Amino acid sequence: EPPHVIQSVVENVRKVREAAGPTVDIAVDFHGRTSPAIARRLANKLEEFNLMFLEEPVLPGDTQALKELQRTTTIPLAAGERLFTRWGFQDIIEQQAVSVLQPDISHCGGIAEARKIAAMAESRNMCVAPHCPLGPIALAASLQFAA
């Protein structure tokens, strides 16, 4: 990304942090649209805003890039919304490549499969936050899973 795009992201996050104050959690979703190099650069520049996490900072399935990024930032990383079944999560969990797993109940195999993924994550001391952008039924399923 050109420097002005990176600076624009930083300024937008700065505005949100100033409006929200220091006690509100803020997460920034990269939607897997940045290269590992740009994700590192952005993470470095966003450190000062005390973010809750960076979501999908690189393409799904790039466990090595997540692991390397995790080593270079204090911002927790979140991923998993585009992974399917416990076998899709296995590598990211075994390598502890993120701090927060985000299985999407609608994509990962339902509530039962999400519970299995969560149990795997718990064995590696990883947090789970269900991902849910799909509507009221998916939200109800996510709330049931999180209960």
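1. How far is the sulfur of cysteine 127 from the closest cysteine sulfur? It sits 17 Å from the one in cysteine 108, too far for a bond. Keep in mind that this is a predicted model, where local features need pLDDT of at least 70, side-chain atom pairs count only at pLDDT 80 or more, and totals for chains, interfaces and linings use all residues. Residues are numbered from 1 along each chain as its sequence is written, and side-chain values use heavy atoms, with hydrogens and water left out.

2. Cysteine 108 has its closest cysteine sulfur in cysteine 132, at 11 Å, again too far for a bond. With a disulfide taken as a pair of cysteine sulfur atoms within 2.5 Å, the count comes to zero.

3. Cysteine 108 is buried at 0% relative accessible area, while cysteine 127, at 48%, is partly exposed (buried is under 20%, exposed over 50%, partly exposed in between; 1.4 Å probe, protein chains only).

4. Now the pockets. The largest pocket holds about 190 Å³ of space (on a 1 Å grid over the protein atoms alone, a pocket is an open set of points with protein on both sides within 12 Å along at least five of seven lines; lining residues have an atom within 4 Å of a point; a volume is the space filled by probe spheres set on the points, which are joined across faces, edges and corners). Its lining includes Glu1, Phe30, His31 and Arg33. Helix H1 (3–20) and strand S1 (27–29) each give two or more residues (DSSP runs, H or I of at least four residues for helices, E of at least two for strands, numbered from the N terminus), and H1 has the largest share, with three.

Methods. 1 Å grid on protein atoms, 1.4 Å probe; cavity = no way out; pocket = protein on both sides within 12 Å on 5 of 7 lines; lining within 4 Å.
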